[in-house]
Amino acid sequence: MGIPNWMGLMFAVVGLGAVVYAWRVGKKAEAARFWPTTQGKVQRSSLKLESGGGYQSNNSTYRADVRYRYRVGGRSYTSNKILIGGQLQMAFRNRAEEHCRRYPVGTEVEVLYNPDNPQEACLEAREETSGFLKLVGGGFAVFGLLLYLGLLPF
């Protein structure tokens, strides 16, 4: 008894969805390079444990939890996005700590904001997720298509 065809379709659809999402994230990061800027101030900067057993666990991942306040058109906003497309989970604590060191509490920062939606902002007009998602999503899509077409030996 082999793997049903619908599972191949499921893999292909999920993989294709990841590729499309990654493409959109990359486009948004590209557009953010041309967003206007305003001054902001870091309100919080701390290391956040995302998962795993504890700070010494090999299964732990970390995130820089940086929150900043900025003003656009007389309105005050708060954001916690460092990178426009998000950042990959950081398996190494020192990588997340580097973001915290770069943005300590009280620091004046240049905030890029979406002129069509000033609530959307970031500190760096780049992203770290699209290449990884394109690779994994593309792999899922190809695997699913091959599975659906019966070209795999199981």
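Helices (H or I, at least four residues) and strands (E, at least two) are DSSP runs, numbered from the N terminus, and two strands pair if DSSP finds at least two bridges between them. The model is predicted, so local features are given only at pLDDT of at least 70 and side-chain atom pairs only at pLDDT 80 or more, while totals for chains, interfaces and linings use all residues. Residues are numbered from 1 along each chain as its sequence is written, and side-chain values use heavy atoms, with hydrogens and water left out.

**Overall fold**

- The protein contains three helices and five strands, arranged along the sequence in the pattern α-β-β-β-α-β-β-α.
- Buried residues make up 36% of the 154 residues; buried means under 20% relative accessible area, exposed over 50%, and partly exposed in between (1.4 Å probe, protein chains only).
- Contact means heavy atoms within 4.5 Å. Among contacts between residues at least 6 apart in sequence, 70% join residues at least 24 apart.

**Strand pairing**

- Strand 2 and strand 3 (residues 75-79) run antiparallel and are joined by five bridges.
- Within this pair, Tyr70 stands opposite Tyr77 of strand 3.
- The hairpin of strand 2 and strand 3 has two residues between the strands, and Gly73 there takes a positive phi near 55°.
- Strand 4 pairs with strand 5 (residues 117-122) in the antiparallel sense, over three bridges.
- A hairpin of two residues links strand 4 to strand 5, and Tyr113 stands opposite Ala121 in strand 5.
- Tyr62 belongs to strand 2 and counts as buried, at 2% relative accessibility.
- Tyr62 and Glu97 lie 35 residues apart along the chain, and 8.7 Å separates their C-alpha atoms.

**Nonpolar cores**

- A nonpolar core is a set of buried Ala, Val, Leu, Ile, Met, Phe, Trp, Tyr and Cys residues joined through side-chain atoms within 4.5 Å.
- The largest nonpolar core has 16 residues, and those with the most contacts inside it are Val66, Tyr68, Tyr70, Tyr103, Val109, Val111 and Leu123.
- Strand 2 (61-72) and strand 4 (108-114) each contribute at least two residues to this core, and the largest share, five residues, comes from strand 2.
- A second, separate core has six residues, including Ala29, Trp35, Leu112 and Cys122.
- In soluble globular proteins, nonpolar side chains tend to be buried together.

**Val109 and its surroundings**

- Val109 is found in strand 4 and is buried, with a relative accessibility of 4%.
- Apart from neighbours within four places in sequence, the residues in contact with Val109 are Thr38, Gln39, Gly40, Lys41, Val42, Tyr68, Tyr103 and Leu123.
- Val109 and Leu123 are 14 residues apart in sequence, and their C-alpha atoms are 7.5 Å apart in space.

**Helix 1**

- Helix 1 has 28 residues and reaches 41 Å from its first C-alpha to its last, close to the 40 Å expected at 1.5 Å a residue; the expected span is 1.5 Å times one less than the number of residues.
- Its buried residues are Gly8, Ala12, Gly15, Ala22, Val25, Gly26, Ala29 and Ala32.
- These buried residues of helix 1 pack against strand 4 and helix 3.

**Helix 3**

- Helix 3 (residues 130-148) has 19 residues and reaches 26 Å between its first and last C-alpha, close to the expected 27 Å.
- The buried residues of helix 3 are Ser130, Gly137, Ala141, Gly144 and Leu147.
- Seen down the axis of helix 3, these buried residues fall within an arc of 130°, so they line one face of the helix; the arc is that of the directions from the helix axis to the C-beta atoms.
- That buried set packs against helix 1 (5-32).
- The face of helix 3 turned away from the buried side carries the exposed residues Leu135 and Val142.
- Gly150 follows helix 3 and has a positive phi, near 75°.

**Cysteines**

- A search of the whole structure finds zero disulfides, a disulfide being a pair of cysteine sulfur atoms within 2.5 Å.
- Cys100 is buried, with a relative accessible area of 14%.
- Cys122 is also buried, at 0% relative accessibility.
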